[in-house]
Amino acid sequence: MADSTNMVRMERMNGLGNKILVIDMRGRTDRVTPEAAIRLDAHPDTEFDQIMALYDPREDAPDGWIDILNSDGSMAQACGNGTRCVVDYLTRETDKDRFAFRTIAGALFAERLSDRLISVNMGAPIFDWEKIPLAGPAADTTHVALPEPHEADPALQRFSAASMGNPHAVFFVPRAVDSYDILAFGPRYERHPLFPERANISLAQVTSPSSLSLKTFERGAGLTLACGSAACAAAVSAARTGRTGRKVTVYLPAGALEIDWREDDDHVIMTGPAEHEWSGRVDPKTGEWCQT
């Protein structure tokens, strides 16, 4: 039986179908363990794409530090959909509209625009092969040939590489993303030797100069209904290769995100919704939980 004295507040939420658990660790010095994450993901009611563990504010993180855990217990550097869920959670206890957080990837800023929409400043994309990172030199990260590809389709042998705080490989494909079996190759591509920290693997089809459709096999989480950082990586890669402009609508399996790669500061602004599903409590060490 769970020790109720060790339990903290947990919110089951989603960002465009991206399954999120917000765990409020403010006032605590311990951390949400990988074991707890794996246990939570194993239950159908608490399975998730990411945990957003919110810790106390500090000087460089006025609204809190956020640890991001994948469903396999590994740490992630960025999760735009999860950040919107944290903002939605906090706006239920404060009248603030603007927030400044920090993750292991750096500062993260967000703003509530309305009851439904939240914008997250995802920072500037990274295109340097060493910082993405890739395992070896790439003279042009807009077009990287995949050594020893697992698929015969030429569209699945070259990708655009970028980091949005986490590594992304975007494969631009000529037909509908749902016509490809991403589960057949996504897990192998995620762990391809070219990606020393693994990578988020995305299929992107450009549908107009201001829109694209996207499907992502997410590093450490698997096939997801929506990956915000992947939407950003696909949008900047499309603009960088002349396929679209810098403002695009990215259509994901669960809905759409608006992505604006600003020219003035090079930052990527992602706008979309967040939804609360239910509240509960959880032991951050063991992953035992209850709904309240």
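**View 1. Proline 133 sits in the loop between β8 (117-121) and β9 (144-145).** The peptide bond that joins isoleucine 132 to proline 133 is cis, with omega at about -5°. Strand and helix names here are DSSP runs numbered from the N terminus, with at least two residues (E) for a strand and at least four (H or I) for a helix. A word on what you are looking at: this is a predicted model, in which local features need pLDDT of at least 70 and side-chain atom pairs count only at pLDDT 80 or more, while totals for chains, interfaces and linings use all residues. Residues are numbered from 1 along each chain as its sequence is written, and side-chain values use heavy atoms, leaving out hydrogens and water.

**View 2. The whole protein chain has four helices and 19 strands.** Its radius of gyration is 18 Å, close to the 19 Å that the globule rule gives for 292 residues, so the chain is as compact as a globular protein of that length. (The radius is taken over C-alpha atoms, and the rule is 2.2 Å times the number of residues to the power 0.38.) The C-alpha trace spans about 55 × 40 × 30 Å along its principal axes. Of the 292 residues, 57% count as buried; buried means under 20% relative accessible area, exposed means over 50%, and partly exposed lies in between, using a 1.4 Å probe and protein chains only.

**View 3. Strand β11 (residues 167-172) is largely enclosed by the rest of the structure, because six of its six residues are buried.** Pro167, Ala169 and Phe171 point one way, while His168, Val170 and Phe172 point the other way. In a regular strand, side chains alternate between the two faces of the sheet. On one pairing, β11 meets strand β10 (residues 158-163) in the antiparallel sense over four bridges; two strands pair if DSSP finds at least two bridges between them. Look for alanine 162, whose bridge partner in β11 is histidine 168. The two strands form a hairpin with three residues between them, and glycine 165 in the turn has a positive phi of about 95°.

**View 4. Strands β11 and β12 (residues 200-208) run parallel, joined by five bridges.** Valine 170 has serine 202 as its bridge partner in β12. From β11 the chain crosses through helix α3 (residues 182-190) to β12, a right-handed β-α-β crossover. Right-handed here means that, with the strands pointing away from the viewer, the path from the first strand over the helix to the second runs clockwise. In the loop between α3 and β12 you will find arginine 198, a non-glycine residue with a positive phi near 60°. Arginine 198 is buried, at 16% relative accessible area.

**View 5. Helix α4 (residues 228-240) is largely enclosed, because twelve of its 13 residues are buried.** Among the buried ones are Gly228, Cys232, Val236 and Ser237. Just after α4, glycine 242 takes a positive phi of about 80°.

**View 6. Threonine 83 lies in helix α2 (residues 80-91).** Threonine 83 is buried, with a relative accessible area of 0%. Leaving aside residues up to four places away in sequence, threonine 83 touches Met52, Phe101, Leu108, Ala110 and Val120, where contact means heavy atoms within 4.5 Å.
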